[in-house]
Amino acid sequence: MGTLFHHFGARTANSRDFVEWLGVPRTDGAAWFLCGLGGVFHRVVDGDVKPLPLSPLEVQSSTAVGGVGERQALELRVRAVEEENRALRRELSQPPRSPPARLPNGSHRGNQSRAHSEEGTGDNEGQKAAAAAGNSSDCVQQPVVDKCETIHVAIVCAGYNASRDVVTLVKSVLFHRRNPLHFHFITDSIAQQILSSLFHTWMVPAVRVDFYDADELKSEVSWIPNKHYSGIYGLMKLVLTKTLPSDLQRVIVLDTDITFATDIAELWAVFHKFKGQQVLGLVENQSDWYLGNLWKNHRPWPSLGRGFNTGVILLLLDRLRKLRWEQMWRLTAERELMSMLSTSLADQDIFNAVIKQNPFLVHQLPCFWNVQLSDHTRSEKCYKDVSDLKVIHWNSPKKLRVKNKHVEFFRNLYLTFLEYDGNLLRRELFGCPSEADHNSENLQKTLSELDEDDPCYEFRRERFTVHRTHLYFLHYEYEPSSDNTDVTLVAQLSMDRLQMLEAICKHWEGPISLALYLSDAEAQQFLRYAQGSEVLMSRGNVGYHIVYKEGQFYPVNLLRNVAMRQVNTPYMFLSDIDFLPMYGLYEYLRKSVVQLDMANNKKALVVPAFETLRYRLSYPKSKAELLSQLDMGTLFTFRYHVWTKGHAPTNFAKWRTATTPYRVQWEADFEPYVMVRRDSPEYDRRFVGFGWNKVAHIMELDAQEYEFVVLPNAYMIHMPHAPSFDITKFRSNKQYRVCLKTLKEEFQQNMSRRYGFAALKYMTAENNS
C-alpha cells in the first residue's frame, strides 16, 4: 500500500496490525494477507481466498466482515487513508513505472470474475486485481501512465451546436489532466473552422489538435440507414481505424456530450488491462434498450446481454487493423440490415452486433467510466453503489433536461465546466518538453521586448494579447445574394448592450456579424437570452462570435476585426451596437452599390449619424420625419455637444436638402460610419477602450485613397445608454489620456513611414486641431 504502511513503520509484512488498526473484527478466525502497492486485503476462510474491498468504488458483498456499522466504519477509515495516499502521490514528480499487470494461471475463481472489468487507475489509485493461492499472495503491480506520455483522444464533431457543446468536454479534460494531449477531431467544415480558431487562440500548452474531413468519410457509412438524431456523423466512429494515422496504436473515443470528473490518464491506463484479443473497452449499456422490453414490439439490434454504450470507447487500433475490423463491421452491418432495415442508435447498434458475434473483442469497463443519463437509464444502480464517478454522459436528446431524480447533482458538475474560465487552463505541464509553437514563441519574444516600466505598458501589451475566440457560437445559415451587392452589418458589444440586439434585428433584415466580449459565464447567459428570444431565433443570418474576456481593457478594435473577418458578403456596413439603422437601410445600401459602382471604385459610403437623449423614441420612418424631429429638438446630430469634429465633415446642412450622393473631404478626427468593400483595411489594435479607435481607421481609409461619399437618404440614430467603463476611465484618469496621446503620435509616425509624403497632412492636421 506504499505510503499507507508508514502508519506501521517496518511491520509491513504483518498485515494483522494494519487490519486491527482499521477496526476490522477478528472473530471469524480468518487469516489475512495484503498485496503491496495499491493492493487489496484478502482473508482466507476454510482454505478459500476472498478479497476484502477497501476502495469506496467497490461494493461490499453480503459476506463482508462484520455488521453494517462496522462496514461503514471500515469504509470511512479507508477513505481517509486513500485521500492521504492521493495527496502524497501528487507530490511525487516522477511516479515509478510498472509493467502491465498479469494474473497468474492459478488465480482463484473469486478473483477471476473481477479481473475482466477491473478499473485501471493510472497514477491516482492502486490496482485492485490480485491473485492468491492458499496463504500466499502474488501481487499485481499498478500500471502507471508515464508523466509525459501523450494521451490521444478522438471526437466526432459536426455543426454549430456540437462545436459549442464539445468545449465543455474539452474543459473538463483539461481541468484534470496532467499529461500532454492530442485531440483528433473528425469534423465537417463548420466545426473545423470553429474549433481550429478556438484552439489557435486558446494556446493551451502541451495540447495538439488535428482535424480529419468528415465529408471525405461520408461514402464509407452513407449506405447505412440511421434513425438516430446524430445523423450520418453518428456512424463515423466505425471508420476510425481507417481515418486516424496508421502509426497511432490506441485512442480514447468520446462523444461530445461527455463530462470528465477525473484525470483522463486514469482511463488511458486501462489499456494495460486488455488481454488476449480484447480490442474494445466499453461500459455496459445502462438502460433496457437492448433487452427489447421498453414497449410493445420493440425490436433492438442484437447485443451481448444489455449491450454496451459507445459514448466512451477505448480502441486498440493496431490490433483492430490486424483483425480486419473494417471487413468485420461491414459484414455484420450488411447481415443485420437485411432484417433490421436501419440503425436506431447509430454506430452503437453495429458495435454491439459485432460484439455479440465476437465477445472476446470487448474489455468491460466499470460503470463509472460512462454514467449514462438517458431517458430510460438504470445508471442509478451504478452511482448508488459508486461514490467516485469518473465520466458523466448526457446521452439523451433532452441533455440537461433529462428526467432523473439526481439530475441536479450532475447538472451542477456540468455547469461548473460550462462556465469555467477557459483562460485558467493555459497552464504549463512542468517537466514535459512541448512541441515548438512558433506563434507562442513569437508572442513571448514580442512581449519580452516591451518595457514593463513604461507607464503605458498595459496599453502596449493589450495590442498583442491573444483572446480566446469562439466563432459562430449559434447556428448560422446564410448565402449572399448572387448579384454581388449584399451587405453585412458589423458591430461589437459587451453584456451591457445585449438589449440592443432585438431592436437592430428589427431594423436591419440583412446579414449581421457581431463580436461579443464576454466571460465564459456571460457567454452562457447570452446563449440563454438568445435561445429565449423569438426575434433572434428567427434569424439564421446573424453570426455571433465570442471573444473571451482577458485583461483590463475593452479590445474594441480587435472585436471589430473579428466581426469583419467573418463577413461573407462583398460589402460591409461598419456600425456600432448603440445605433439603430433606418428602416430599409439594407436595401438602400445595396442599390447604392450599383448606383455608385462600388465594385470598381474605392469608396466609403457615409451614413449620417444622429442621436436622441430619449430612451423612448418614435423612430422616424423617413428623412422628412427625421428633419422634423431634428427641428423640434427630439434628435441631434451625433455628438454635436461634446465632439463636433467627429462628424462635422459630413456637412449636415448640405445633407438636409441633398437628393444625390455628395463627396466630402477627410478632416482631422473624422469618424463617420461607413459602408466599404470587404477587402478594406482592418482597425488598428493599439487603440483599446475609449478614444481614437474609429478615427485611426478612417485615416487609414483616406491614406489608401478611399473617397468619402455621403448618402442623401440614409441615416442612423444613436440610442442613449449609461457611460461605458472605458469612457469613465478616460475622463477620470490622466495617465489614460497621456497614453492615448502617445499612441496617437506613434500611429501617425507609422502612417508617415507607410504612406510617405501623402501622410504628412495627418501630422499637420493634428497639430492645427
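**Aromatic rings and their surroundings**

Visitor: Is Trp-508 buried or exposed?
Guide: Trp-508 is buried, its relative accessible area being 0%, where buried means under 20% relative accessible area, exposed means over 50% and partly exposed lies in between, computed with a 1.4 Å probe on protein chains only. Please keep in mind that this is a predicted model, in which local features need pLDDT of at least 70 and side-chain atom pairs count only at pLDDT 80 or more, while totals for chains, interfaces and linings use all residues. Residues are numbered from 1 along each chain as its sequence is written, and side-chain values use heavy atoms, with hydrogens and water left out.

Visitor: OK, and how many aromatic pairs are there?
Guide: The count comes to 32 aromatic pairs, given that rings of Phe, Tyr and Trp (for Trp the six-membered ring) pair if their centres lie within 6.5 Å, with planes under 30 degrees apart called stacked, over 60 edge-to-face and the rest tilted. Trp-508 and Phe-573 form one that is stacked, at 5.9 Å centre to centre with 25° between the planes. This pair links distant parts of the chain, 65 residues apart, since Trp-508 lies in the loop between helix H16 (500–507) and strand S18 (512–518), whereas Phe-573 is in strand S20 (residues 571–574). Helices (H or I, at least four residues) and strands (E, at least two) are DSSP runs numbered from the N terminus.

Visitor: And is Phe-573 buried or exposed?
Guide: Phe-573 is buried, with a relative accessible area of 0%. Another stacked pair is formed by Phe-636 and Tyr-640, whose centres are 5.1 Å apart and whose planes make 10°; there, Tyr-640 is partly exposed at 38% relative accessibility.

Visitor: Which rings does Arg-468 sit over?
Guide: Arg-468 lies over the face of Trp-202, 5.5 Å from the ring centre, and its charged end also sits over the ring of Tyr-548, 4.0 Å from the centre. The criterion is that NZ of Lys or CZ of Arg is within 6 Å of the ring centre and within 35 degrees of the ring normal. Trp-202 also belongs to an aromatic cluster with Phe-183, Phe-185, Phe-199 and Phe-211.

Visitor: Changing topic, what is the strand order in the seven-stranded sheet?
Guide: The open sheet has the order S8-S7-S6-S9-S12-S11-S13, with mixed pairing, two strands being paired if DSSP finds at least two bridges between them. Strand S8 (207–213) and strand S13 (362–365) stand at the edges with a single partner strand each, so one side of each has no neighbour in the sheet. From one strand to the next, the twist averages 25°.

Visitor: What packs on the sheet?
Guide: Helix H5 (residues 189–202) does, touching strand S6 (151–157), strand S7 (181–187) and S8, and its direction makes about 155° with that of S7. Helix H11 (residues 347–357) packs on the sheet as well, touching S11, strand S12 (308–316) and S13, with about 65° between its direction and that of S12. Contact means heavy atoms within 4.5 Å, and the axes are lines fitted to C-alpha atoms, for helices over the stretch in contact, with angles running from 0 to 180 degrees between N-to-C directions.

Visitor: Which residues does Leu-195 touch?
Guide: Leu-195, which is found in helix H5 and is buried at 0% relative accessibility, touches Cys-157, Ser-163, Val-166, Phe-185, Thr-187 and Phe-211, not counting residues up to four places away in sequence. Leu-195 and His-470 are 7.6 Å apart in space, C-alpha to C-alpha, although 275 residues separate them in sequence.

Visitor: Why is helix H19 called largely enclosed?
Guide: Nine of the ten residues of helix H19 (residues 556–565) are buried, so the rest of the structure largely encloses it. What covers those buried residues includes strand S16 (469–470), strand S17 (487–494), S18, strand S19 (542–548), S20 and helix H23 (693–703).

Visitor: Last one: where is Arg-324, and what is its phi?
Guide: Arg-324 lies in the loop between helix H9 (317–322) and helix H10 (325–340), and has a positive phi of about 60° although it is not a glycine. Arg-324 is exposed, with a relative accessible area of 54%.
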